Amino acid sequence: MAQRIPAAELLDALQNSDRQIALLDLRSPLERSNGHIAVSAGLPLHDVEQHIADLVPLTSTPIVLASRPELDERGAELLQRLGYRDVSVLADGLDGWKSAGGRIYTGTNVRSKTLGEWIEHTFSTPTVDGETVDAWRAAGEDVVFLDSRTPAEYRHHHIPGGHNTGGGAEIAYRAAQVIKNPDTKVVINCQGRTRGIVGAQSLINTGIANPVFSLHNGTPAWEQSGRPLEFGTGSELPAPDTVAPDLKDWARRTLDSAGARVIDIAEAQRYLDDTASVTYLLDVRSPGEFAEGHFSAAVSAPGGQLIQATDDYVAVHKSRLVLADTADFVRAANTVQWLRHLHDGPLTVVAVTADADLVRPNRLTIPTPAVRTVSAAELPTLDSARLVDLRSSTRYAAGHLPGSVHARREHLADIVAAADGAPVVLIGDADYVAEHLVEGLDGDVRVLAGGIEAVADALTDADPRHAGEIVDRTGPPDFGPERAAWYEAYFAWELNLLTESEGDPFFDFAAVAGS
């Protein structure tokens, strides 16, 4: 049985100690969204081996599990087996947290989204609705839409004529290419509220002469008002060839005022070499730039998404964050000015260079277990084989092997038992190593060699099957009447966040920035 930590002790450590602690919730995203500790990071048990080394890179870091006691016990056993030396379970789980005075929140990325509401309230960020935009255009005024969502979200659907900036922190970096007139009205839209508000206020903070607004309730409100959407590539803004001197100056001033030092490669490497303290190296550039070349120790964390979903990237409280960016530091500054309100550890920035690398010598390495595999060529010869797809439900829906079933770790024992001796083939991909889930399964369990990529020509999106409820997604339906109802409830939740979190020290953003 794992050691217990009383909730009062955990609360005191998080609020009053400089001790680094990783607070993890092992439930599925759907279950977690029904009530969780806002300062925990979600890492479903299904994904532990896939992501734990990025979230908690040092095995000496104290880890506290805070979800369901029976799940936490199983997770503690797994983490200890992987090599983590200080794993505790929150005594009495979430009930214990509440009894000690801690609060429980529904939804996802709650602190990030509350920060967006706090920004609008604190800075009186201008907002505009679709009807007003129509009136501007009817009067002949020039209006530019800048989309603060990810490129994938933009391509799924976007406002006609809107520009794909690549995400929130990219807006100030790329906007000058389409804003030529100081009288042009600039509207920042997202898929709800947070990224539109943060993107608009970030652009305003650079000192731009133009009037800047967030689009009230984003593309959902635009769509629900009967206004059209476009789909596909649209207008994608490239990275600029040069950055204006005044924008570079703004970036340096912003970093200075936030207390975020610019460090060199040698200092960044010293932090990564430190075995007593966790340092995250987060590359805030676009995913495309990251793919073209990055520090070996870096994780891709585009600045806008890092603010929108900080708890997806950072699990260790009081850890040091080193943001990697191009030498102008515009995106790092756009990120730091808000990240300092969310993270309670030191922030620094480093310039990406092709002439040197940063490595993490002490990062946990989880070897791929040696298990029985089956090749794509052998797969048709397996009699009555059960094909089990372990990837995300989104990837499964986009393309899967005919006859396969989407499942998660918690389903596997029952699937193997029901197979009654027939082969069960686990399917992963380049991002999901299925071999980790074989241990402990009693039956003929194999893994598809090369993952889903090995059978890419045979995939279909027809006849999806699921071993249980889809629990790895919490967002709205793609389109249709249920989407409108989902967003109505979502906006009511989001607009209540400031009231709900009032008095909670973890939501005192000004105090966090001063810590």
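1. Basis of the note. The model is predicted, with local features requiring pLDDT of at least 70 and side-chain atom pairs counted only at pLDDT 80 or more, while totals for chains, interfaces and linings use all residues. Residues are numbered from 1 along each chain as its sequence is written, and side-chain values use heavy atoms, with hydrogens and water left out.

2. Domain layout. The chain is divided into domain 1 (3-107), domain 2 (114-241), domain 3 (249-351) and domain 4 (373-455); such bounds come from an automatic or database domain assignment.

3. Annotation. An unreviewed UniProt entry carries the annotation "domain: Rhodanese" for residues 17-106, 139-231, 281-342 and 381-464; annotations of this kind may be inferred rather than shown by experiment. Residues 281-342 are 42% helix and 21% strand, with 17 Å between the end C-alpha atoms. For residues 381-464 the figures are 17% helix and 17% strand, with the end C-alpha atoms 23 Å apart.

4. Extent of the interface between domains 2 and 3. The centres of domain 2 and domain 3, taken over C-alpha atoms, are separated by 25 Å. In contact (heavy atoms within 4.5 Å) are 18 residues of domain 2 and 20 residues of domain 3. The buried area (accessible area, 1.4 Å probe, lost by two parts on being put together and summed over both) is about 1500 Å², and carbon and sulfur atoms give 64% of this. On the side of domain 2, L115, A169 and Y173 lose the most area to domain 3, together 34% of what that side buries.

5. Two domains are linked here by 2 salt bridges (a side-chain nitrogen of Lys or Arg within 4 Å of a carboxyl oxygen of Asp or Glu). R174 forms a salt bridge with E289, and their closest N and O atoms are 3.8 Å apart.

6. Salt bridges in the whole model. By the same rule, the count comes to 33 salt bridges. In one of them, the side chains of R19 and D86 meet at 3.8 Å, N to O. R19 lies in the loop between helix 1 (7-16) and strand 2 (21-25), and D86 in the loop between helix 4 (69-82) and strand 5 (87-90), so the pair ties together parts that are 67 residues apart in sequence. Helices (H or I, at least four residues) and strands (E, at least two) are DSSP runs, numbered from the N terminus.
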